[in-house]
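Thanks for coming. Please have a look at it first.

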Amino acid sequence: MRIIYNLLIHFVSFGLRIVALFSKKMKLFVNGRKDVFEVLQQKISATDKTIWFHCASLGEFEQGVPIMEAMKKIKPNHKIVVSFFSPSGYEIKKNTPLADAVIYLPMDTSSNAKRFIKTVHPSLAIFVKYEFWPNYLFELQKKNISTLLVSGVFRKNQIFFKSYGSFMRKALGSFDHFFLQDEKSEALLKSIGFNNVTVSGDTRFDRVSHQIEMDNTLKFAEDFKGNSLCIVCGSTWPDDEAVLLDYINSAPENVKFIIAPHKIETDKIESFKNKIIKKTVLHSNKDEVNLYEYSVLIIDCIGLLSKLYSYADIAYVGGAMGKTGLHNILEPATFGVPIVIGKNYDEFQEAIRLQDLAGLFSVNNAAECSEILDKLINNDNFRNKTGMICGHFVNKNTGATQKIINYLIANFK
């Protein structure tokens, strides 16, 4: 099976190089891996002590941040190496001050795994949530390098739990310990013989809970909002914007909208802006106008959304109206803001749990979206109660990071 897997990886690698000729994102994916080892050799010396974090993309990086911050305090003499699989994570966080080296993870071939582990020579490897690359895991095990999974989630449809999944189950044997988000994941792992598990929860709760303690002031957002109610629509895709458009155009005059698209694509932003009949301004033009005179502010840059949620009375979080995947609902929840999302969220446990608590509302179409937004706007008690549920939800679920750190203090010397 390992031979078949390695052949498949080589075949996929070749195929991706072809696709990269026609796809901007895939070009980043392929070209970004060309100089990984040169970058590592420049930033990591043979005498350095290192800790390696692997994150699939941006969301997993955010889950890893609380542990990175803690490890920098506990092991200040260790360098931190962060690898990404996806361009959407690497391109945004390639200059993070938390890491001494940020790179794309080379494809999971045996030769890449051996060279990578030899170059980074980590004392500890931490995989965040998922992505189980067998050659890397087997090489870590071969070198007796402590390896953890944090904020892990398993589902019964994964290959580990199939009759033909013995090769991938063997790869899981490389982990010293699994820190999991929920009891369902724990039961699944135990069903295939893994008992080195702890249900610690999701480190994202710790990450977002710290946001409320930070200075979230954005002068332009204050000038724009004034005394109006504000709906912040975060990480939106065209599917989300299509559902929101009717309500944006028909909302009461005392309601303002801040829209932060997930992708900053000028043509798509301009197309959406042209469909809005209310007075609309781009963030890039904010210094040229009196912001308070506008009803809609479109954020055509990245890095502001976490702070913008502090100005929200209601949040719409994108990604679930289409098939791209629901974005982070915990960022607005920590500010005690009611949340509206699209219809495709079955794989996002935090959304399911918060909906069960009546702090989150899922909509299927524009009519449902307008209905719930109207109710939240017009009923102050309903809006405040719903927001309070969200804030309590975050506060109640913090603590995952400390459980992991306690383990590391006891076992990682």
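Let me start at E91, which is partly exposed at 28% relative accessibility; here buried means under 20% relative accessible area, exposed over 50%, and partly exposed in between, with a 1.4 Å probe and protein chains only. Before going on: this is a predicted model, where local features need pLDDT of at least 70, side-chain atom pairs count only at pLDDT 80 or more, and totals for chains, interfaces and linings use all residues. Residues are numbered from 1 along each chain as its sequence is written, and side-chain values use heavy atoms, with hydrogens and water left out.

Back to E91. Its salt-bridge partner is K94, with the closest N and O atoms 3.1 Å apart; a salt bridge means a side-chain nitrogen of Lys or Arg within 4 Å of a carboxyl oxygen of Asp or Glu. K94 is also partly exposed, at 36% relative accessibility. The structure holds 13 salt bridges.

Another one pairs D202 with R204, at 2.9 Å from N to O. Are these two buried or exposed? D202 counts as buried, because its relative accessible area is 4%, and R204 is buried too, at 10%.

The next pair is E293 and K279, whose closest N and O atoms are 3.6 Å apart. This bridge links distant parts of the chain: E293 is in the loop between β10 (280-282) and β11 (296-298), K279 is in the loop between α13 (266-275) and β10, and the two are 14 residues apart. For these labels, helices (H or I, at least four residues) and strands (E, at least two) are DSSP runs, numbered from the N terminus. E293 is partly exposed at 47% relative accessible area, and K279 is partly exposed at 41%. There is also a network, in which salt bridges with shared partners join E62, K93 and R207.

Now the interior. In soluble globular proteins, nonpolar side chains tend to be buried together. A nonpolar core here is a set of buried Ala, Val, Leu, Ile, Met, Phe, Trp, Tyr and Cys residues joined through side-chain atoms within 4.5 Å. The largest one has 67 residues, and W52, V82, F116, F154 and F178 have the most contacts inside it. Helix α4, residues 58-74, supplies the largest share of this core, with 6 residues. A second, separate core has 39 residues, including V281, A315, A333 and C390.

What does V82 touch, leaving aside neighbours within four places in sequence? Its contacts (heavy atoms within 4.5 Å) are F53, C55, F61, M68, A99, A101, V102 and I103. A99 sits in the loop between α5 (87-93) and β3 (101-104), and counts as buried because its relative accessibility is 14%.

On the record side, UniProt lists residues 45-206 as "domain: 3-deoxy-D-manno-octulosonic-acid transferase N-terminal", in an unreviewed entry. UniProt positions are in the numbering used here, feature names are shortened, and annotations may be inferred rather than shown by experiment. In the model, that span is 40% helix and 24% strand, and its end C-alpha atoms lie 33 Å apart.

Last, L21. This residue is in the loop between α1 (2-19) and α2 (24-31), and is exposed, with a relative accessible area of 66%. That's all from me.
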